[in-house]
Amino acid sequence: MKNPFHILAIRKDERWMAVVSVCVLALMNAMLIYNHWPKFLLARYGKIGGWSLFNNQLHFSGYDPYAYMTLTKFNVYYNLERHPVLTLLLYPFSVLNRWIMETWDVNASMFIMAALVVVASLYAIIFMYRTLHELMGMSRGDSRWLTALLFSFASIMTSAMSPDHFIFSFSILVFTLYVFGRHIRQGKAMAWYKPALLYYLTTGITLTNGAKTLLGTLFVDRRKAFTWKNFLLGFLLPSALLLGTYWAQDQTIVAQRDNNAEVMKRKLAIKDPTKFRQDSIRDIKNSIAMTKINGKSISDKPFLRWINADASRVNGVVDGLFGESIQLHRDYLLGDVFLGRPTEVTYSSWVNYAIEAVIVLMFFGGIVCGRNDRILQMLLSWFAIDLTIHVVLGFGLNEVAINGGHWMFIIPVAVACLLRKLRGRQAECARYLVRLLTVYFWGYNAYLIAWYML
């Protein structure tokens, strides 16, 4: 039987790229650690709460410190509706950090998460490179440049140094793209357990990613995806496991957490009624402030409460989706809309919009050139999900820039389709443009991040 982990082995032609990538990624994560040193090292021999230590203390573009909290004091901090498996994946590392805190009185959550982020980012680089080289027919050089272009985008660069879930979503989606892409190119159907496992993991990390996995299965297996075997084992089985995972956490960890919070409130109401009233008023004010930031939702019911009816779609697309996802805003640099940053920020120079237009033109030009490529068609169906969520429904539109890891890997694939179509001098000019943009984005975004962090 073939070793299923062989796909994770770094090949000979990838080693130098991997070494350079690890060094760059380690440096980026070191900057984040330096910026939050030493307050996040507090441990009290394991007797410190995750929420009290990290809440509203990670000042980095709206990324959440929930992973730090989970590793410090294991509990469910991520929203279970959207991330039903993520907390459990972090459990072994929470055990490790608790042992470190109790033994050496040092909170190692920053270092553990940095290591996990570097590994996830490295494999995203590896599988993106393989996708471009093996599946899209790019040369090794062009594949490296396009991969570097992807990681020069602000959303990917910041995700690759933040402790939030985005880099893990990004990495598993790029891996899913590579696995599905190989089967599309080979014209082979997939064994049921592969899409089932990918569906469980992608959905478990971020709920909406599951729809992308299901769409990918349709592009690979076509009509065979609708057989009873694939439906029962490839969809219903992992869906049942996801529901079971959600239910088990909700009935144990979340129920215990909510019960403890209710008990503490009742005790505070008896012991200090004045403080209890102050806390209640503060909670109401926070709720009002959150509504102003998130916009008016269409319902208070689960899932529907995340739909924003007020956010500006034009600003969200121009200055967010294709704006700050690619180039950071100098104004309110790496700010958080929940910590004082305006919900709408524009560029102060026309140059940024001109460069954005170049990237968008290359992207749409690649879509036109590769419109018959089934891998690109699959990615477009994935991108349609993100457009529906963020632009049509308005979910997270005020923070759409940090969600780039869910879709931006389509850009180098589309540009690869463009490069395949061009010939002669046009192709060379396009290659030089890709390299120029890569160097510019790395210099522009990395400089601003370093200036902010250091």
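Tyr 332 is partly exposed, with a relative accessible area of 48% (buried means under 20%, exposed over 50% and partly exposed in between, with a 1.4 Å probe and protein chains only). The phi angle of Tyr 332 is positive, about 55°, although the residue is not a glycine. Tyr 332 is located in the loop between α13 (313-324) and α14; helices (H or I, at least four residues) and strands (E, at least two) are DSSP runs, numbered from the N terminus. The model is predicted: local features need pLDDT of at least 70, side-chain atom pairs count only at pLDDT 80 or more, and totals for chains, interfaces and linings use all residues. Residues are numbered from 1 along each chain as its sequence is written, and side-chain values use heavy atoms, with hydrogens and water left out.

Arg 222, also not a glycine, has a positive phi of about 55°. Its place is in the loop between α10 (209-221) and α11 (228-271). A cis peptide bond, with omega of about -5°, joins Trp 37 and Pro 38. Pro 38 is found in the loop between α1 and α2 (50-54).

In the whole structure, 12 salt bridges are found (a side-chain nitrogen of Lys or Arg within 4 Å of a carboxyl oxygen of Asp or Glu). In the salt bridge between Arg 11 and Glu 134, the closest N and O atoms are 2.2 Å apart. This pair links distant parts of the chain, with Arg 11 in the segment before α1 (15-35) and Glu 134 in helix α5, 123 residues apart. Arg 11 is partly exposed at a relative accessible area of 33%, and Glu 134 is partly exposed at 34%.

Between Arg 431 and Asp 142, the closest N and O atoms of the salt bridge are 2.7 Å apart. Here too distant parts of the chain are linked: Arg 431 lies in helix α17 (residues 424-453) and Asp 142 in helix α6 (residues 140-152), 289 residues apart. Both Arg 431 and Asp 142 are buried.

Asp 373 forms a salt bridge with Arg 420, with 3.0 Å between the closest N and O atoms. Asp 373 lies in the loop between α14 (350-369) and α15 (374-392) and Arg 420 in helix α16 (residues 410-421), so the pair ties together parts that are 47 residues apart in sequence. Asp 373 counts as buried at 9% relative accessibility, whereas Arg 420 counts as partly exposed at 31%. Salt bridges with shared partners join Asp 142, Glu 428, Arg 431 and Arg 435 into one network.

The second largest pocket has a volume of about 1400 Å³. On a 1 Å grid over the protein atoms alone, a pocket is an open set of points where a 1.4 Å probe fits, with protein on both sides within 12 Å along at least five of seven lines, and lining residues have an atom within 4 Å of a point. Grid points are joined across faces, edges and corners, and the volume is the space filled by probe spheres set on the points. Of the 36 lining residues, Pro 4, Phe 5, Ile 7, Leu 8 and Phe 175 are the closest to the centre of this pocket. Two or more lining residues come from each of α4, α5, α8 (166-186) and α9 (193-205), and α8 gives the most, with eight.
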